[in-house]
Amino acid sequence: MASARSTRVNLPPFQQLLDRHAGEVYRFLAASVGPVDAEDAFQETFLSALRAYPSLRHSSNLRAWVFQIAHRKALDVHRARGRSPVPVETVPEQAVAAGGAGEPALWRAVRRLPDKQRTAVFLRFAADLDYAQIGQALECSEPAARQNVRAGLATIRKGWARA
Amino acid sequence: MLIDRAEAEGLVDVAYAEADTPVGRLLVAATPRGLVRVSFHGEAHEAVLGELAERLSPRVLEAPARLDVVRRELEEYFEGGRREFDVPLDVSLMGSSFRRRVLERTAKIPYGATASYREVASAAGNERAVRAAGTALGANPIPIVVPCHRVLRTGGALGGYGGGLEAKRFLLDLEAGRSPLAPAG
């Protein structure tokens, strides 16, 4: 009994994960897919996490794991839009201030980035993840995570200069 | 809502809520099988939730709706209007079969009555295991509902209680109809 327990991963109650990360995951999704789709993507993220939770083999970096799922859900939304375009530009932009910066145009620029760059930029600057954690969330290496942030920033700066 | 969808999909293995009572804020937790844990404020609720995650399932979520019935019954009990609890119990945290038998016998002590540790040990099949019976009662995962407060030392001394002796006295007074004073703190 004791040995069986010691080999098992000790996961905290799921509620703790939800309490700690719900806010930042919601803000990530609002910034990534816009406020209209954020609520649904948020629920899908935590339902997926809850389904997979008991079979997790590690309890380190649960935060990056949750963001990895949120990133995938955001991709689902963007892909679905690719198939049936949604008029993204007509959403009420002020709600995006949930992104935290009070600078909707900037978040709009972030949202137009390619998938990995968008997530990488948000996780670095709005959620304050380090590059190792971003790599984990994006399922890529740490240098690749750094490169995605750099490329995303360069694209935004170019757009900013043009505007 | 997220919690409703999680419940609908059967993803909440352990649901919990808090209940305010005259003996302090209780944590109540249930699995799909029934009420599995009641803990007093003295035990840090966060630690209890961690233990539930480890021993039952990490899918532990605050889901008050699942605990509505037991919370209402607790309220009625503390108002003096309820003498028995009608909620299914999940006995999976009760430990060894002897401990389980001790608690099953304890559950049969009627409202307002008391028994001695020796009587409970004897009813559980081992008259000499008084100390083990005391340990089983001390580790009762579902106090109040499984009324270990009704077990006293031979001669009537209070013995011990996980929720503190003041809480034990409060519950005994309540059941004896001696308008109890709420324990301080």
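Colleague: How far apart do the C-alpha centres of domain 1 and domain 2 of chain B lie?
Modeller: This is a predicted model, in which local features need pLDDT of at least 70, side-chain atom pairs count only at pLDDT 80 or more, and totals for chains, interfaces and linings use all residues. Residues are numbered from 1 along each chain as its sequence is written, while chains are lettered from A and ligands numbered from 1 in the order in which they are written. In chain B, domain 1 covers 2–78 and domain 2 covers 97–176, with bounds from an automatic or database domain assignment. Between the C-alpha centres of these two domains of chain B the distance is 23 Å.

Colleague: How many residues of domain 2 of chain B are in contact with domain 1 of chain B?
Modeller: Two residues are in contact if their C-beta atoms, placed from the backbone, lie within 7 Å. Domain 1 of chain B contributes 8 residues, and its partner, domain 2 of chain B, contributes 10 residues.

Colleague: Is B:Ile142 buried or exposed?
Modeller: B:Ile142 sits in the loop between helix H6 (130–138) and strand E6 (151–152) of chain B; helices (H or I, at least four residues) and strands (E, at least two) are DSSP runs, numbered from the N terminus. A residue is buried if 20 or more other C-beta atoms lie within 10 Å of its own, exposed if 12 or fewer, and partly exposed in between, with C-beta atoms placed from the backbone. Because B:Ile142 has 26 other C-beta atoms within 10 Å, B:Ile142 is buried.

Colleague: Which element gives the most to the side of chain A that touches chain B?
Modeller: The contact takes 13 residues from chain A and 15 residues from chain B. On the chain A side, helix H2 (14–33) and helix H3 (35–52) each supply at least two residues. With 5 residues, the element that gives the most to this side of chain A is H3(A).
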